[in-house]
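Thanks for coming. I will go through one protein chain today, starting with the overall picture and then moving to a few side chains.

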Amino acid sequence: QRLNQEAAKAWSDGKRAGIDISEADAWTWLTSNAAKSLGIFDKTGSIEVGKQADLVLWSENPFSTYAQANKVYIDGVKYPKQRGLYYSAGIKDEDKNLLKVIVDATVHTMTEQGTLQNATILIKDGKIQTVLAQRPDLTGYEVIEAKGKVVTPGLIGAFTSLGLVEVSSSAGTVDSSYDKSAISSTGAALDVAYAINPHSSLMAVSRIEGVTSAATTRHQLTCY
């Protein structure tokens, strides 16, 4: 949650310490770099042709304390699909097979195109069709007006416990850690996949705050 604000704090602290970090570099922490570390950069992490339309439309500069994720798209599908209802998985083909276009936005592409002003993003079949610095013919497209808004790739949590922890202070809802057995300190490897709750309320909360992809794992790490 609030990955954009945590990155903003780290960026600000770095600048105060004399480290030359651009805003574009700071954005890679939450998008392209995270996607590369998880091996999914060919699918998401930047706004470019052929990639999944995992996008967040922000009310203002996402590094502002007052920024809100006005709209979140995963595979080109807006979440939530209807008030009070969130989907953890399963996007229907008819949802993706719509032509959408975001117009007049400030777009952080995370590519060589850099940041585009008053840009247009065309979406087809749940993927980025093209990214333009001008407005083309939009006949047949559902137009999403984004004047004064900022669009970024969906945020990526590269190391989370989503679906494994509901209430951290309640042991019954924590499946991200374990205690050694009194009988033996060795045993079978722990596979958290079996414990993930796809209906966790925290997934919906994270999604409406701009997180579109996440890796979840146990957090009890021991170094020798």
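Some ground rules. This is a predicted model, where local features need pLDDT of at least 70 and side-chain atom pairs count only at pLDDT 80 or more, while totals for chains, interfaces and linings use all residues. Residues are numbered from 1 along each chain as its sequence is written, and side-chain values use heavy atoms, with hydrogens and water left out.

The chain has 224 residues, and 40% of them count as buried. Buried means under 20% relative accessible area, exposed means over 50%, and partly exposed is in between, with a 1.4 Å probe and protein chains only. Now contacts, meaning heavy atoms within 4.5 Å. Of those between residues at least 6 apart in sequence, 64% join residues at least 24 apart.

Next, the aromatic rings. The structure holds two aromatic pairs. Rings of Phe, Tyr and Trp (its six-membered ring) pair if their centres lie within 6.5 Å; planes under 30 degrees apart count as stacked, over 60 as edge-to-face and the rest as tilted. Trp-11 and Phe-63 make a tilted pair, with 5.4 Å from centre to centre and 40° between the planes. Trp-11 sits in helix α1 (residues 3-16) and Phe-63 in the loop between β1 (55-58) and β2 (69-74), so this pair ties together parts 52 residues apart in sequence. The rings of Trp-27 and Phe-63 have centres 4.9 Å apart and planes at 5°, so that pair is stacked. Trp-27 belongs to helix α2 (residues 23-28) and Phe-63 to the loop between β1 and β2, so the parts tied together here are 36 residues apart in sequence. Trp-11 is buried, and so are Trp-27 and Phe-63. Ring pairs link Trp-11, Trp-27 and Phe-63 into a cluster.

Now to Lys-51. What does Lys-51 lie over? It lies over the face of Phe-41, 3.4 Å from the ring centre. For this, NZ of Lys or CZ of Arg must be within 6 Å of the ring centre and within 35 degrees of the ring normal. Lys-51 also meets Glu-48 in a salt bridge, 3.2 Å from N to O; the term needs a side-chain nitrogen of Lys or Arg within 4 Å of a carboxyl oxygen of Asp or Glu. Lys-51 is buried at 5% relative accessible area, whereas Glu-48 is partly exposed at 28%.

Lys-51 is also among the contacts of Thr-44, as are Ala-35 and Ile-156. Thr-44 is in the loop between α3 (32-38) and β1. Is Thr-44 buried or exposed? It is buried, with a relative accessible area of 2%. Its side chain makes a polar contact of 3.2 Å with the side chain of Asp-54 (a pair of N or O atoms within 3.5 Å; within protein, one must be able to donate a hydrogen and the other to accept it, and residues adjacent in sequence count only if both atoms are side-chain atoms).

Finally, the count of salt bridges comes to six. One of them joins Lys-9 to Glu-6, with the closest N and O atoms 3.2 Å apart.

Methods:
Helices (H or I, at least four residues) and strands (E, at least two) are DSSP runs, numbered from the N terminus. Lists of a residue's contacts leave out its neighbours within four places in sequence.
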